[in-house]
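Work through the exercises below with the model open. Try each task before reading its solution.

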Amino acid sequence: MKISTIITDGIKLTPILISDQRKLFNLIQKVYKEAYQHFWIDHGNWYVELCYNQDNLQKELSRSRSHYFFVEWNGKSVGILKYDYPFSPREIDIPNALKLHRLYLDQSVHGKGIAPMLLTHVEKIALENGLDYIWLEAMIEKPQAKRFYEKMGFKEVLTYQLEFERLLPNLEVFKS
């Protein structure tokens, strides 16, 4: 049984189950590709298939530290939210932390205040679980995302080069 979390009137989080794989895949085909297809030589097809196939979803859902949701706004799935805790990065010491792993929202709901409410919710989860930090990775080539996270209090602590096949060369990510 799915038990949704109401964030505010009109916004709720509904847990993603393995039976939701096709719905998740179809949503990401739209949401992720609208935002990131220009980073990939194949418009992101390889990446979407890699991350959102049945086997990978099963693997992610089987981890007790993973928390994966559809973001619903006024009864419609408009994105996803995934966070993992406890989870510290390998490249830099950020102990006792929560990783904001995925936050993708349909462009039609950008500017409606949904993302700040979701980050406030994630912060509440971190505090309730005695965690000291929240960290994430964001593409430098998405300056609006970087500005948004900095406005929400995140700071850049590390920059590195992404190395995925089919990704256009010289794309950088910052961890904050």
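**Exercise 1. Aromatic pairs**

Task: Classify Phe39 as buried or exposed, then characterise the ring pairs around it.

Solution. Step 1: Phe39 has a relative accessible area of 4%, so it is buried (under 20% relative accessible area; exposed is over 50%, partly exposed in between, with a 1.4 Å probe and protein chains only). This is a predicted model: local features need pLDDT of at least 70, side-chain atom pairs count only at pLDDT 80 or more, and totals for chains, interfaces and linings use all residues. Residues are numbered from 1 along each chain as its sequence is written, and side-chain values use heavy atoms, with hydrogens and water left out.

Step 1: apply the ring rule. Rings of Phe, Tyr and Trp (its six-membered ring) pair if their centres lie within 6.5 Å; planes under 30 degrees apart count as stacked, over 60 as edge-to-face and the rest as tilted. Tyr36 is buried at 14% relative accessibility.

Step 2: take Trp40 and Tyr47. Their ring centres are 5.2 Å apart and their planes lie at 25 degrees, so this pair is stacked. Both residues are buried.

Step 3: Tyr32, Tyr36, Phe39, Trp40, Trp46, Tyr47 and Tyr104 make up one aromatic cluster.

**Exercise 2. Helix H1**

Task: Where is the kink in helix H1 centred, and what covers the buried residues of H1?

Solution. Helices (H or I, at least four residues) and strands (E, at least two) are DSSP runs, numbered from the N terminus. H1 covers residues 21-36.

Step 1: find the bend, the angle between axes fitted to the seven residues ending at a residue and the seven starting there. The kink is about 30 degrees and is centred on Ile28.

Step 2: list burial. Buried residues of H1 include Leu24, Phe25, Leu27, Ile28 and Val31.

Step 3: look for contacts (heavy atoms within 4.5 Å). The cover over these buried residues includes helices H2 (45-52) and H3 (54-62). It also includes strands S3 (66-73), S4 (76-84), S5 (97-105) and S6 (133-139).

**Exercise 3. Charged side chains**

Task: How many salt bridges are there, and which residue does Arg102 meet in one?

Solution. A salt bridge is a side-chain nitrogen of Lys or Arg within 4 Å of a carboxyl oxygen of Asp or Glu. The count is nine.

Step 1: Arg102 meets Glu60, at 2.8 Å from N to O. Arg102 is in strand S5 and Glu60 in helix H3, so the pair ties together parts 42 residues apart in sequence. Arg102 is buried at 4% relative accessibility. Glu60 is buried at 5%.

Step 2: Glu34 bridges to Lys30, with the closest N and O atoms 2.8 Å apart. The two are four residues apart in helix H1, which means about one helical turn. Glu34 is partly exposed at 34%, and Lys30 is partly exposed at 40%. Lys30, Glu34 and Asp106 are linked in a network of salt bridges.

Step 3: check charges over rings (NZ of Lys or CZ of Arg within 6 Å of the ring centre and within 35 degrees of the ring normal). Lys23 lies over the face of Phe70, 4.4 Å from the ring centre. Lys82 places its charged end over the ring of Tyr68, 5.8 Å from the centre.

**Exercise 4. Backbone exceptions**

Task: Which residues does a cis peptide bond join, and what phi does His43 have?

Solution. Step 1: recall the background. Most residues other than glycine have a negative phi, and most peptide bonds are trans.

Step 1: the cis bond joins Tyr85 and Pro86, with omega about -15 degrees. Pro86 is in the loop between S4 and S5.

Step 2: His43 is not a glycine, yet its phi is positive, about 65 degrees. His43 sits in the loop between H1 and H2 and is partly exposed at 46%.

Step 3: Asn74 also has a positive phi, near 50 degrees. Asn74 lies in the loop between S3 and S4 and is exposed at 57%.
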